[in-house]
Amino acid sequence: MKYQSQKVAKLYFIAAIGLFVGQILFGLIIGAQYIWGDFLFPTLPFNQARAVHTNLLIVWLIFGFMGAAYYLVPEEAETDLVMPWLAKLMFWIFLAAGAATIVGYIVMPFADLAKLTQNDLFPTMGREFLEQPTITKLGIVVVALAFLANIGFTILKGRKTVINLVLLMGLTGLAVFFLFAFFNPTNIVWDKYYWWWVVHLWVEGVWELILGSILAFILIKTTGVDREVIEKWLYVIIAMTLITGIVGTGHHYYWIGTPEFWQWWGSIFSALEPIPFFMMTVFAFNMVNKRRRNHPNKAAVLWALGTAVMAFLGAGVWGFLHTLAPVNYYTHGTQITAAHGHMAFYGAYVMINLAIISYAMPLLRGREAANSNKSQVLEMWSFWLMTISIVFITLFLTAAGILQVYLQRFSDNPLPFMVVQSKIELFYVLRELTGLVFLAGLIVYVASFFVGSREPEATVEGEVVAAS
Amino acid sequence: MNEPRFLLRPCTWVYLTLLLLTFITWFVGVNHLSGRFFAFLVFGFALLKGQLIGDHFMGLRWVAGPWRWAIFIWLVLVGTLVTAAFWRTL
Amino acid sequence: MEKPRWPPGDLVIWIFILAELLAFGIFFAAYAFTRANHVELFNTYQLTLDRNAALINTVALITSSYFVVRAVASIRQDDSRRCFHWLLAALAMGTLFLLVKSAEYHHHFSQGINLSTNTFYMFYLSLTFFHFLHVILGMVILLAVALKARRGCYSAAEHTGVETGASYWHMVDLVWMILFPLVYVMR
């Protein structure tokens with residue numbers, strides 16, 4: 001750590017991990033509700049628990065991104081953050097608003113929460129992933145603006161690197177597209193149309209820029225490869241991401257009442273969306289192979305490579321699986337989507353967050369370059385436990401999805417939804433059991449922050465490594 | 001390095017060939033000439049033009065190894081697919 | 001002399017070129033196979049396209065590609081000034097392409113044609129507009145290279161940037177070579 005103000009990142013990372021634990025616990029609850037429909041009913045109905053699961057995911061990922069930005073922007077810009085106090089203040093505001101919202105979801109029916117927060121005055125609540133009360137949404141905007149100002153002025157003041165500019169572009173996009181959460185047309189076609197500008201253009205657009213820049217930063221730091229080489233890769237990856245991702249929005253417009261050309265545009269461009277992810281895989285492995293030195297933080301390198309592979313599989317391959325209009329005609333909104341969602345979010349955004357946390361946390365906690373061997377070993381165990389369980393969760397959901405598509409939509413005698421659900425229950429049981437393994441992995445992950453923290457730092461090939 | 005000069009540079013010859021093939025394609029087009037012969041004639045010209053651009057303009061002619069064939073393989077793939085789709089409709 | 005293993009320009013641009021070619025390849029195949037199911041429709045509306053405009057545009061792109069070849073040749077002889085002038089000429093040809101293509105769009109749009117008119121126009125407009133955007137991107141790259149060439153940033157020894165921009169521009173040209181007969185002529 002070179003700049004004192006980078007320290008604020010630590011708060012954000014800790015909150016991110018805390019919320020991550022919450023997200024997984026709620027995931028297990030709704031996983032159980034897939035098997036026992038009335039589990040925890042009526043205290044915690046499925047729709048509310050699911051909103052908690054997905055909202056916690058988004059919020060902790062954003063906490064992670066902000067932490068990553070506060071960590072890497074000063075280092076790249078070679079100057080302290082302009083307003084570290086603002087970063088701290090916004091952290092507490094964001095955390096409080098997030099926590100209050102989650103508590104609202106849990107303790108009262110959704111309609112009561114809407115009434116309590118005066119949703120009638122300016123209705124924005126209730127749409128999937130954008131369930132938050134209007135007041136929370138406004139809070140998010142304030143936090144985002146303060147955050148962007150802080151990061152933006154720091155970048156303006158200091159050295160302007162490609163990594164910083166791409167990151168800033170991604171984060172600005174994140175804030176700008178969130179504004180469509182306030183746009184709530186009564187026409188349901190337009191409603192869905194713009195809803196995807198938040199949802200799709202986040203995860204298949206601007207978030208990929210954030211992912212790319214964080215990955216590039218970690219690779220520069222851990223491999224010592226020339227910045228120039230890494231920046232060139234970053235350029236083509238983001239160009240390809242934007243070309244395919246923006247028009248690729250069309251793959252959500254097949255069946256919502258939009259003109260037919262979207263079936264072509266959506267199919268062709270979203271079919272190409274795996275390309276930037278594939279480039280990222282090639283890029284990461286290429287850089288690690290060309291490395292000028294071995295970094296003692298092996299765990300961080302493992303997470304970085306894991307991101308590149310799992311993002312390609314989850315977002316790229318599993319996305320391609322059901323992106324073509326003729327295929328999506330059958331698979332739309334089935335467990336295939338759930339399978340893709342789980343592996344894509346884990347592979348792309350969970351893992352990049354864990355990668356930057358893995359790289360930065362030891363430094364933020366006063367280490368020279370890396371954690372002790374003992375805690376790294378534990379962290380790598382958690383990597384494999386969580387990654388392998390997400391692979392199996394994805395495979396089980398894919399199997400459930402294929403059966404569902406066949407029984408409910410494709411066969412000569414289609415069965416009703418609930419009948420099909422009971423027939424594929426076995427896969428939900430398997431998914432839930434695998435989810436428990438994931439939780440075990442997460443516990444090991446959290447433990448890795450405490451175990452071995454008094455032991456000496458890991459070294460490379462027996463020699464002590466000087467400051468990174 | 002003394003290369004034999006044929007009055008014009010090699011790249012200029014390529015350029016003139018590209019123009020000639022383009023004019024033939026245009027001629028087929030404005031006269032609405034249709035059917036397998038004309039369609040595949042102009043399409044064959046297009047593939048040939050692509051190969052000339054790849055070889056001479058992009059310089060792959062002077063490259064060894066897999067990249068030498070990058071454009072060629074693309075042209076073969078596109079050529080096969082388009083031919084397969086057009087064949088029975090003409 | 002041993003042939004190099006890598007194509008001219010930065011390898012990363014070639015990876016980008018391959019990705020772009022893949023995109024266009026898929027688009028071309030989609031056009032061809034969709035046409036096979038709507039032969040009448042495609043043959044009818046293909047006649048509404050302006051082949052003369054397409055000719056001018058094809059010539060413009062070929063010529064500008066040729067100028068770019070000359071620009072690369074100039075910098076290999078350490079002549080940045082001439083390199084800059086050839087690049088300007090290439091950009092002028094690119095501008096001509098954009099103008100002619102815009103006039104074609106204007107003609108179609110003034111007749112009320114849009115993406116939903118029919119499948120043929122959907123493909124015609126999408127394909128050519130996707131290519132149109134690539135012409136613009138290619139011109140931005142060429143302009144950046146031209147300005148650097150004028151400042152004397154390239155030399156006979158180091159001119160990877162010129163080759164990189166040139167390779168991308170030739171790709172834009174190459175794709176149009178297929179698009180022209182496929183959409184305007186073959187029937």
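In this predicted model, 18 residues of chain C are in contact with 15 residues of chain A. Chain C and chain A bury about 1,600 Å² between them, and 87% of that area lies on carbon and sulfur atoms. Across the interface of chain C and chain A there is one salt bridge, and a salt bridge joins the side chains of Asp10(C) and Lys232(A) at 2.7 Å, N to O.

The crossing of helix 9 of chain A and helix 5 of chain C is right-handed. On the side of chain A the contact is made by Phe261(A), Trp264(A), Trp265(A) and Phe269(A), while helix 5 of chain C brings Met122(C), Phe123(C), Ser126(C) and Phe130(C). Sorted by class, this contact of helix 9 of chain A with helix 5 of chain C has seven nonpolar residues, one polar residue and no charged residues.

The contact between chain C and chain B takes 49 residues from each of these chains, and of the two pairs of chains in contact, chains B and C share the most contacts. Chain C and chain B bury about 4,300 Å² between them, with 79% of the area on carbon and sulfur atoms. Tyr66(C), Met186(C) and Arg187(C) supply 15% of the area that chain C buries against chain B, which is more than any other three residues supply. The number of salt bridges between chain C and chain B is zero. No contact joins chain A and chain B, and the closest C-alpha atoms of these two chains lie 15 Å apart.

| Pair of chains | Buried area | Share on carbon and sulfur atoms |
|---|---|---|
| Chain C and chain A | about 1,600 Å² | 87% |
| Chain C and chain B | about 4,300 Å² | 79% |

Taken along the principal axes, the C-alpha atoms of chain C fill a box of roughly 55 × 35 × 20 Å. Within chain C, the axes of helix 1, residues 11-37, and helix 6, residues 160-185, come within 10 Å and cross at roughly 10°, and helix 1 of chain C and helix 6 of chain C are therefore roughly parallel to each other. Residues of helix 1 of chain C in this contact include Trp14(C), Phe24(C) and Tyr31(C), and those of helix 6 of chain C include Tyr168(C), Met171(C) and Leu182(C). By class, the contact of helix 1 of chain C with helix 6 of chain C has 16 nonpolar, two polar and one charged residues.

Over all chains, the structure holds 14 salt bridges. One salt bridge joins the side chains of Arg50(A) and Glu128(A) at 2.8 Å, N to O. Arg50(A) lies in helix 2 of chain A, residues 46-77, and Glu128(A) in the loop between helix 4 (110-116) and helix 5 (134-157) of chain A, so this pair ties together parts that are 78 residues apart in sequence.

How values were computed. Residues numbered from 1 in each chain as written. Chains lettered and ligands numbered in written order. Predicted model: local features only at pLDDT ≥ 70, side-chain atom pairs only at ≥ 80, totals over all residues. Heavy atoms only, no water. Left-handed = near helix turned anticlockwise from the far one by under 90°. Helix = DSSP H or I, 4+ residues; strand = E, 2+ residues; numbered from the N terminus. Contact = heavy atoms within 4.5 Å. Nonpolar A, V, L, I, M, F, W, Y, C, P; charged D, E, K, R; others polar. Buried area = accessible area lost by both parts, 1.4 Å probe. Salt bridge = Lys/Arg side-chain N within 4 Å of Asp/Glu carboxyl O. Axes fitted to C-alpha atoms, helices over the stretch in contact; angles between N-to-C directions. Parallel < 35°, antiparallel > 145°, perpendicular 65-115°, else oblique.
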